[in-house]
Amino acid sequence: MESAYPGIQVLLANNLMTAYNQAEAVQPTFAFVEDGFTKLPEFEMMMAMFSALDTRWVSVMDSHSAAPARKSNPLLDRGSGIFELSKSDHPVQFVQYFDMMVKAPRRGEATSRASSNGGASAATNTTDKIILIGSSTGGVEALRSLLVGFPANCPPTVIVQHTGKNFGAGLVALLNRICAASVVGAEDSIQLKPGTVHIAAGQSQHLGLTPRKPHRTRLKDGPAISGHTPSVDALFSSAVPFAKNVVATILTGMGQDGAKGLLELRKAGATTFAQDEQSSVVYGMPRVAWQNGAAQKQVSLARMAGTLLQACKA
């Protein structure tokens, strides 16, 4: 293949972490992915990186496999546009797919972080509101979609995303490269300020907020809450003392983490939302939040950024 495409560099990786790091470093045009990798929950991060880099990719399925990835990973049923090839296919078919995908028109260059918010970053943030977000399966892409709509001076934002322990830093770096606001990994005792998004993902401690102004992040050891560490419920519950200054939402995800904490916030005066079923990869966490009365309104992912920002002005 290298001789047929002069200048093409071929890289191999035997695990997702290596593949992710390579993709981030060299920004590949095309990738073959063994079907087994696509069944892992952490492949969500790989998909988000491919999407951000406009990397075409093909799932290579074992010819003896009885359960292709598309049947076991809900992320792959959301219009990913991948092809599933069998390892027994003739090499010519691989080359044909490679040729077709590499020569396909490329997406336009990504807009700069400063301009992605339509000039809103020039305004001064005067709100006292804080945005809290919880997400799980499908949340990586949901956060990409949502945070791109935030201006550089967005209200202080704090997020808990369920992900593998080795992918938290990668998620922060990925979101920071495409967002106008500054995206940072959650650390202890950091003061919340406009224009900064704090993300707890893959960490061994729960993330919460201190009750008194100026509000600060707080990392705390403890058992899993709602089956997770860090837990969305832990974050939401910590903000109940100042709930009237909170705008919170639950995005796509399995289970019910966050629904209890969101209900506590709503009862204490917070403005609360949940992602709607149609735009959720997995309508689990948002469904529970809607059914238990925690969310005041269901909102599509496409409208979520604007909804949260507008609520902060109320």
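Hi everyone, let's start with a helix pair: Val140, Leu143, Arg144 and Leu147 in H5 meet Leu171, Leu174, Leu175 and Ile178 in H6, where contact means heavy atoms within 4.5 Å. The residues of this H5–H6 contact divide into seven nonpolar, no polar and one charged; Ala, Val, Leu, Ile, Met, Phe, Trp, Tyr, Cys and Pro count as nonpolar, Asp, Glu, Lys and Arg as charged, and the others, Gly among them, as polar.

A quick note on the source: this is a predicted model, with local features needing pLDDT of at least 70, side-chain atom pairs counting only at pLDDT 80 or more, and totals for chains, interfaces and linings using all residues. Residues are numbered from 1 along each chain as its sequence is written, and side-chain values use heavy atoms, leaving out hydrogens and water.

Back to the pair. The axes of H5 (residues 139-147) and H6 (residues 168-178) come within 10 Å and cross at roughly 25 degrees. H5 and H6 are therefore roughly parallel to each other, a label for angles under 35 degrees.

Now to H10, residues 301-312. Its 12 residues should span 16 Å at 1.5 Å a residue, and its end C-alpha atoms are 17 Å apart, which agrees. Several H10 residues are buried, including Leu301, Met304 and Cys312, with buried meaning under 20% relative accessible area (1.4 Å probe, protein chains only). The buried residues of H10 pack against partners including H5 and strand S4 (130-135).

Last stop, Pro28: it sits in the loop between helix H1 (16-26) and strand S1 (30-34). Pro28 touches Ala23, Leu53 and Thr55, leaving aside residues up to four places away in sequence. Thanks, all!

Methods:
Axes are lines fitted to C-alpha atoms, for helices over the stretch in contact, and angles run from 0 to 180 degrees between N-to-C directions. Helices (H or I, at least four residues) and strands (E, at least two) are DSSP runs, numbered from the N terminus. Angles under 35 degrees count as roughly parallel, over 145 as roughly antiparallel, 65 to 115 as roughly perpendicular and the rest as oblique. The expected span of a helix is 1.5 Å times one less than its number of residues. Buried means under 20% relative accessible area, exposed over 50%, partly exposed in between (1.4 Å probe, protein chains only).
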